[in-house]
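This report looks at a nonpolar core, a helix pair and the surroundings of a ligand.

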Amino acid sequence: MDVSTAPGMRIIACCNHKGGVGKTTCTVNLAAGLSRSGWRVLAVDADPQAHLTASLGLAAAPEEGLSGLLDGRCGLAAALIRDDGLDVLPASAALAETETRLAAAGAPIGLLADSLRSSVGHDAVLIDCPPHLGQLARQALYAATDILIPMTPDFLAMQSLAWLMDTLAELAASGDAPAVAGVVLNRYSAQKRLHREVKTLVESHFPGMALTAVIRENVALAEAPSFGQDIFRYAPRSAGAADFAALAVETAARLRLPRPAAAGGNP
Ligand SMILES: Nc1ncnc2c1ncn2[C@@H]1O[C@H](COP(=O)(O)OP(=O)(O)O)[C@@H](O)[C@H]1O
Ligand SMILES: [Mg+2]
């Protein structure tokens, strides 16, 4: 990965080839948490299912958003939506065709990286990756300065994590991805022995990887997308909001995000 990003700008890919582990939930709410703490954040929807876009109550026309950007129809400034302090590069179902086209044309791996490099004024870019390692995920991993892996605390997820870590290490060795910055345990319950055991396994197999902040099972996190709102807007006093506020603080420290220029709302 040889991307020369703007000074201090971090590009964080939320990635796991498993579906339903919380990639979109983490991208939306970590982006919102960082944004509310004053960082200038861009959330990128790199999944043709467009769940991040829908979760924020937004929509992209087929020729716009990330499709338009990767197909060369528009630049970054025209492709993104400014949403109350958080910039969003939205997706639509058209992104699936874009991915097929990119693969067929043998598009350069640095296409997304080059576009994000032209980002002006963002401290952090968070990319919601699709649940398979196709063109879009590879573009996202190549563009990234850091990888965050959300996972659920069960044993099959632990097995998948080992495979994913190997794959990411191979990509990192070939220069096509950065090293993994951390693993976020999602839907975690400290009362469940299985969850505690999986956390211990992650910590022993991948030292230093598990973030201290965990995301608990919280119904407000599941409800918020149907209202098109992040957790801080939908349920600011929920356990979900508290967990994502803590995750934002820990992630900012771990990735050494430069101090925000201005404080936003209250996480
Ligand atoms: N901590 C949580 N508590 C409750 N529901 C959650 C939590 N994390 C995710 N969900 C719900 O689980 C489903 C899958 O999460 P999602 O973020 O879409 O996963 P992915 O993007 O990895 O497929 C969604 O319906 C989401 O609202
Ligand atoms: Mg998703």
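## Core, helix packing and ligand shell

In the largest nonpolar core, which has 81 residues, L126, I127, A140 and I147 touch the most other members. Such a core is a set of buried Ala, Val, Leu, Ile, Met, Phe, Trp, Tyr and Cys residues joined through C-beta atoms within 7 Å, and buried means that 20 or more other C-beta atoms, placed from the backbone, lie within 10 Å of a residue's own. This is a predicted model, in which local features need pLDDT of at least 70, side-chain atom pairs count only at pLDDT 80 or more, and totals for chains, interfaces and linings use all residues. Residues are numbered from 1 along each chain as its sequence is written, while chains are lettered from A and ligands numbered from 1 in the order in which they are written.

Leaving aside residues up to four places away in sequence, I147 touches A13, C15, L141, L168, A177, P178, V180 and A181, where contact requires C-beta atoms, placed from the backbone, within 7 Å.

Helices α1 and α12 (DSSP runs of H or I, at least four residues) pack with their axes, lines fitted to C-alpha atoms over the stretch in contact, 8 Å apart and at an angle of about 75 degrees; they are therefore roughly perpendicular (65 to 115 degrees) to each other.

| Helix | Residues | Contact residues |
|---|---|---|
| α1 | 23–36 | N29, L30, G33, L34 |
| α12 | 239–254 | F244, A245, L247, A248, T251, A252 |

Around ligand 1 there are 17 residues, of which K23, T24, T25, L221 and A222 come nearest, a residue being counted if its C-beta atom, placed from the backbone, lies within 6 Å. Helix α1 gives the most to this shell, with three residues.

Note on methods: Axes fitted to C-alpha atoms, helices over the stretch in contact; angles between N-to-C directions. Helix = DSSP H or I, 4+ residues; strand = E, 2+ residues; numbered from the N terminus. Parallel < 35°, antiparallel > 145°, perpendicular 65-115°, else oblique. Contact = placed C-beta atoms within 7 Å. Buried ≥ 20, exposed ≤ 12 C-beta atoms within 10 Å, placed from the backbone.
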